[in-house]
Amino acid sequence: MCGRTALTASPEDLVAALGLDEAPLVLPRYNVTPSQPLDAVRAVRGPRRLERLRWGLVPAWAKDPKIGGKLALARVETVTTANAFRDAIRRRRCLIVVDGFYEWKRDGKASWPYFAHRPDRRAFTLAGLWDRWVSRDGEVVESCAILTRPALDPLAAVHDRMPLVVEPELRDRWLDSDLTEVDALIASAMARTPALVIYAVSPYVNDPHHDDAGCLEPGAPPQQALFRP
């Protein structure tokens, strides 16, 4: 599903991983939640840089920006037809930059957090879309949503959904608003199997106020801890 993300890479690593034209001014984020800013790339032409977009899409036609609380994620199956997303997916696609994200595995009434990342721990990109909302008083909110897809291994063992990862060779196409064959573009992204690994982390990350390296500390679910030698 992707309810939290992290971006802890250094500015130099982000330049190398994403081909940015300037080093971003970023601080490590270990536990980014919906309604908080995500780092994103929007431009396929001109200088490529990181920009901050509020997580939770507020469509331009929205009467109240609180709607963004319900629109943090967009399913690939319905993104081209849903009122909130169909215009943005065609004209305003973006890449959400992370070096990992969290998923929770449910076991009855309990759940346990897991962290997914690349084997080399480098930053990668998730498929996103964005919009710009302006209030009657002139307040401007630029916001985004992350696309999700049916989960692939190893995430499928934890949750039935996961973010749609955009591999480096598809990034320019994803950002190119002249490409209108959205279904084909999504299919191309889904045809790739991203190299991701997962491990269980401590429930410390469950508290959205926690935003430090403790969120990434390994932690065994109770049934695994029971059999630890």
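Modeller: Arginine 91 is exposed, because its relative accessible area of 54% is over the 50% cut-off. The model discussed here is predicted. Arginine 91 belongs to helix 2, which covers residues 86-91.

The part to be examined is strand 9, made up of residues 124-134. This strand is mostly covered, with nine of its eleven residues buried.

Its pairings may be taken in turn. Strand 6 (residues 93-98) runs antiparallel to strand 9 and is joined to it by six bridges. Within this pair, leucine 126 of strand 9 is found opposite isoleucine 96. Leucine 126 also has a bridge partner in strand 12, namely valine 165. Strand 12 comprises residues 165-166, and two bridges join it to strand 9, again in an antiparallel arrangement.

Strand 10 (residues 140-150) is likewise antiparallel to strand 9, and seven bridges join the two. Here aspartate 131 returns to the account, standing opposite serine 143 of strand 10. Strand 9 and strand 10 form a hairpin with five residues between the strands. In this hairpin, glycine 138 adopts a positive phi near 90°.

As a general point, side chains in a regular strand alternate between the two faces of the sheet.

How values were computed:
Residues numbered from 1 in each chain as written. Predicted model: local features only at pLDDT ≥ 70, side-chain atom pairs only at ≥ 80, totals over all residues. Heavy atoms only, no water. Helix = DSSP H or I, 4+ residues; strand = E, 2+ residues; numbered from the N terminus. Buried < 20%, exposed > 50% of the residue type's maximum accessible area, 1.4 Å probe, protein only. Pairing = 2+ DSSP bridges.
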